[in-house]
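Today I have one item for the group, the surroundings of a ligand. Please look at the sequence and the structure first.

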Amino acid sequence: MMNNNYYLWGMKHELNPFLSVGYRGPDYFCDRVEETKQLNRCIQNGMHVALFAIRRIGKTGLIQHVFHPYANSRKVSCLYLDILATKNLSDFANQLATTVYSHFPPQKTLGKKIMELFQRFRPTITFDELSGMPSLTLSFDSKTQKENTIGQIFHFLDKQNIKIVFAIDEFQQILKYPENNTEALLRGYMQQLKNTSFIFCGSNQKMMHQIFNSAKRPFFASCTNLNLNHIRETEYKAFIQKKFKVHQSKIDSECLDFICKWTKLHTFYTQYFCFSLFAKNKKNNTLQDAHETAIELLKLNENTFFQYKNLLTTAQWNLLSAIAREEQVFQPQAKSFINKHGLGTPALVKRGLEALLEKEMIFYQTGVDKPYYEVYDKFLMRWLKHK
Ligand SMILES: Nc1ncnc2c1ncn2[C@@H]1O[C@H](COP(=O)(O)OP(=O)(O)OP(=O)(O)O)[C@@H](O)[C@H]1O
Ligand SMILES: [Mg+2]
């Protein structure tokens, strides 16, 4: 496991300007100017948003970036709720209560009122040993009470004369709850609220589309859909160059070109690459340094790649390698592709694609002119290509 020091610091104990986890403020954040504007417009106008994108492109980061300036606002309260760890509606209610409790400290007037509301549900407050963060567990006597609690929290905040924005991250999780009315329940509350808007976001695209884009389901046409794409090359290059420059270091344009190409501007991987390069603490960063960093990253992650291999059948692994070698595949069932890589029959490839999509080893990029398949993990893609 990577230790914390390695993660946060470059060689000379200067904070590494490239993050691959979390959000640390606008200084560490590249571009997303348009998307930030769009989301702000939605917040100001009380519109609900569903945010779509492939994994690790920066959905969560964008939400935190948009929320950041509202941290001390008296007019707008932005609450961020990650429900990945929730397994049912009780967990959801507790997570919601915890988020609200942490956002409005009980020392303040509104916080006091909220605490009074929570008292009704006989809360237990525990504190995380490491972070010291509080966590609320409410008691529910019945299913109805559970459902009502969620409604009561939303309604209570909605009446407080401020704009409330809830970002619910990993929202697809609700599809895994044993309670099958969660979508209808939440949608119902949403329709009753006047000062509250929602941003829904999730890392599983298929499930997110199921929730928001099927005509028969409660959330259909309830939100403005926003698609988050890759950060543009010009903006990303300028960002990277600037960060090196501020730390009295230079980066060659060949080196920059290599990084953008090699990571395909997939945010997490580009950040991770730059983090590693920066950590070498060179005065001048050349193409040679980029090559070395690339090799090191592949070595560092090799164990994970072998674990992936064990999860797949030989046919699936061969298909994955073929997609990696091509980088982007537009027609995987075409004869030319199948024959070139010896993949058997179109039917076999079809099954393989489904399995690889399901396991999130590849994604299907549809938000473009010509949709294509691509390997998700950019380091795995390079490793497969290298072989
Ligand atoms: N605009 C940005 N500028 C710089 N770094 C960014 C930016 N957006 C995201 N990142 C970095 O990339 C990492 C991955 O982004 P993030 O976690 O937001 O992606 P995500 O789309 O929410 O991923 P997942 O689908 O896995 O939830 C972040 O932790 C952050 O450090
Ligand atoms: Mg995320």
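By polar contact I mean a pair of N or O atoms within 3.5 Å. On that basis, an oxygen atom of ligand 1 lies 2.8 Å from an N or O atom in the side chain of Lys-59. Backbone polar atoms also take part: one of Arg-56 is 3.0 Å from a ligand oxygen, and one of Gly-58 is 3.0 Å from a ligand oxygen. On its own, ligand 1 has 620 Å² of accessible area (Shrake-Rupley, 1.4 Å probe), and the protein covers 91% of that.

This is a predicted model, with local features needing pLDDT of at least 70 and side-chain atom pairs counted only at 80 or more, while totals for chains, interfaces and linings use all residues. Residues are numbered from 1 along each chain, chains are lettered from A and ligands numbered from 1 as written, and side-chain values use heavy atoms, without hydrogens and water.

Now the shell, meaning residues with a heavy atom within 4 Å. There are 20 residues around ligand 1, and Cys-30, Arg-55, Lys-59, Thr-60 and Gly-61 come nearest. By class, seven are nonpolar, eight polar and five charged, with Gly counted as polar and Cys as nonpolar.

Which helix gives the largest share of the shell? H3 does, with three residues. Domain 1 (4–21 + 246–300) and domain 2 (32–227) each supply at least three residues; the bounds come from an automatic or database assignment.

Technical notes. A polar contact is a pair of N or O atoms within 3.5 Å; within protein, one must be able to donate a hydrogen and the other to accept it, and residues adjacent in sequence count only if both atoms are side-chain atoms. Helices (H or I, at least four residues) and strands (E, at least two) are DSSP runs, numbered from the N terminus.
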